[in-house]
Amino acid sequence: MTPAVTPAISRAETPTLIRAFQGERTQQRPVWFMRQAGRSLPEYRAIREGTTMLQACVTPELAAEITVQPVRRHQVDAAIFYSDIMVPAKLAGIDVDIVPGRGPVLATPIRDSRAIANLPELTQDALQPIADGVSASVELLGDTPLIGFAGAPFTVASYLVEGAPSRTFPHTRALIAHNEAAWHTLATWVAEISLHFLQTQVNAGAQAVQLFDSWVGALDVTNYQKSAAPYSSHILRDATLAHIPRVHFGTNTGHILPQLHQAGASVIGVDAETALTTANTVLGGAVPLQGNINPALLSGSWEALEQHTREVLAAGQSAPGHVVNLGHGVPATTDPDVLTRLVALIHSISDPLGS
Ligand code: CP3
C-alpha cells in the first residue's frame with residue numbers, strides 16, 4: 001500500500017506572528033497593538049456614530065469591519081477581535097455599560113454573597129453574535145491571523161465588584177480577605193464565561209488568544225497564587241486552547257511574571273515598566289515575549305520614538321521569539337499616522353539571527 005502523502009506545509013504559509021509566538025526568532029518582527037481598533041482611527045469614529053460600543057460588539061458585520069480597519073490602515077501582522085472583556089458578562093445579562101472616557105460601569109455592583117450566588121448563565125445562543133463576528137472577521141482578513149481574547153477572572157471580577165474602574169480595588173480586596181467562598185464562586189463564574197467567550201472565538205477561526213489580566217499586578221505573589229492563578233489556569237489550560245499560542249498580559253506584573261507563565265500561558269505580554277531583557281531572564285530564557293513600546297512616546301518626537309523602538313527590538317532579540325506591541329493599549333489621542341509609520345519602521349529592522 002502506498003503511504004498517504006502529507007503535503008509539505010512550507011514555513012512561508014505559517015504567519016510570522018504565529019512563528020514568533022511559537023518561539024521562533026523571525027527576521028522581520030511581527031507587530032500589532034493592543035486597542036489598535038478604536039478611537040484613534042477616524043474611520044472607527046465614523047462607523048461607530050449613533051451606536052454604543054456594546055451594541056457595536058454584538059453586531060457581527062460592524063464588529064468585523066472595525067476589527068479589520070487597523071490591518072488595512074497600518075499593515076499590522078494581526079487583527080484582534082473588536083469586543084471587550086465585559087462583553088461575556090453583558091451577554092449573560094449583567095447590567096454593565098461602557099462609559100466613554102471612563103470604562104465599564106455597573107448599575108448595581110456585585111459584591112454580596114446573595115448577588116454572587118445568583119449570577120446568571122451564559123448560553124451558547126447568547127454567544128452567537130460573537131461567533132458570527134469572528135467568522136466575518138476571518139473572512140475579511142484573508143491571510144492575516146486573528147487574535148481572540150478574554151479578560152482574566154481577577155480583572156473582570158474587579159470591575160463587577162467595584163462597579164466602576166478603580167485603581168485600588170478596595171471592595172475586591174475586602175471580598176477576597178473576608179468572604180473567600182463568595183470570591184471563589186465569583187472567580188469561577190468569570191472563568192467559565194471568559195472561557196466560553198474564548199472557545200467561541202477559537203472555534204470560529206481565531207488563531208491565537210490573549211488573556212488580559214490588566215490589573216492583577218495589584219496582587220503580591222502569594223495573593224496572586226491563591227486568589228487569581230487557579231481561575232486563570234482554568235481558562236489557559238482548557239483543551240480547546242492547548243494547540244494555539246496563549247498570550248497572558250497584565251500591567252505592573254514585573255514581580256509575578258513566572259507565575260503568569262506557570263498559570264498556563266505560552267507567551268508573556270510585557271508592559272512598559274519591565275525591560276524585555278529582564279523579563280526574559282526572569283522567565284529563564286524559555287518563553288516568547290510580546291511588547292513593550294512605551295505608549296507615552298507615541299505623542300512625543302519621532303526621533304525619541306524611533307530610538308526607543310530600536311532598543312525594544314534589540315532587547316526582544318534576547319527572547320526565543322518576539323512579537324512587538326505596546327506596553328499597554330493605544331491612547332485615544334494617538335495620531336494614526338504615527339502608528340502606520342511605526343509599523344513600517346519595525347518591519348524595516350531585521351533580526352540577523354532570525355529566519
Ligand atoms: O483593539 C483591541 O485591542 C481590541 C478591542 C478591545 C477593546 N477592549 C475595545 C475597547 C480589547 C482587547 C479590550 C479589552 C479591555 N477592555 C481591557 C483589557 C485591556 C487593557 O486595556 O488593559 C480592559 C481593562 C477593558 C475595559 C475597558 N473597556 C476600559 C478600561 C475602556 C476604556 C474606557 C474609555 O473610554 O477610555 C473600555 C472601552 C473600550 N474597549 C474602547 C475600545 C475601543 C473605547 C470605547 C469606545 O470606542 O467607545
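**Reading ligand contacts and helix packing**

Modeller: In the ligand site, an oxygen atom of the ligand lies 2.6 Å from a backbone N or O atom of G101. This is a predicted model, in which local features need pLDDT of at least 70 and side-chain atom pairs count only at pLDDT 80 or more, while totals for chains, interfaces and linings use all residues. Residues are numbered from 1 along each chain as its sequence is written, and side-chain values use heavy atoms, with hydrogens and water left out.

Colleague: At what angle do helix 10 and helix 12 cross?

Modeller: Axes are lines fitted to C-alpha atoms over the stretch in contact, with angles running from 0 to 180 degrees between N-to-C directions; helices are DSSP runs (H or I, at least four residues). Helix 10 (residues 180-203) and helix 12 (residues 229-236) cross at roughly 20°, and their axes come within 9 Å. The two are therefore roughly parallel to each other, a term for angles under 35 degrees. The crossing of helix 10 past helix 12 is right-handed, that is, the near helix is turned clockwise from the far one by less than a right angle.

Colleague: Which residues of helix 10 and helix 12 meet?

Modeller: Contact means heavy atoms within 4.5 Å. Y231, H234 and I235 of helix 12 meet residues of helix 10 including W183, A187, A191, L195 and L198. The residues of this contact of helix 10 with helix 12 comprise seven nonpolar, four polar and one charged; Asp, Glu, Lys and Arg count as charged, Ala, Val, Leu, Ile, Met, Phe, Trp, Tyr, Cys and Pro as nonpolar, and the others as polar.

Colleague: How do helix 4 and helix 7 pack?

Modeller: The axes of helix 4 (residues 60-74) and helix 7 (residues 128-141) are 8 Å apart, at an angle of about 40°. That makes helix 4 oblique to helix 7, the class left once angles under 35, over 145 and from 65 to 115 degrees are set aside. Helix 4 passes helix 7 in a right-handed crossing. Their contact has eight nonpolar, three polar and two charged residues.

Key: A polar contact is a pair of N or O atoms within 3.5 Å; within protein, one must be able to donate a hydrogen and the other to accept it, and residues adjacent in sequence count only if both atoms are side-chain atoms.
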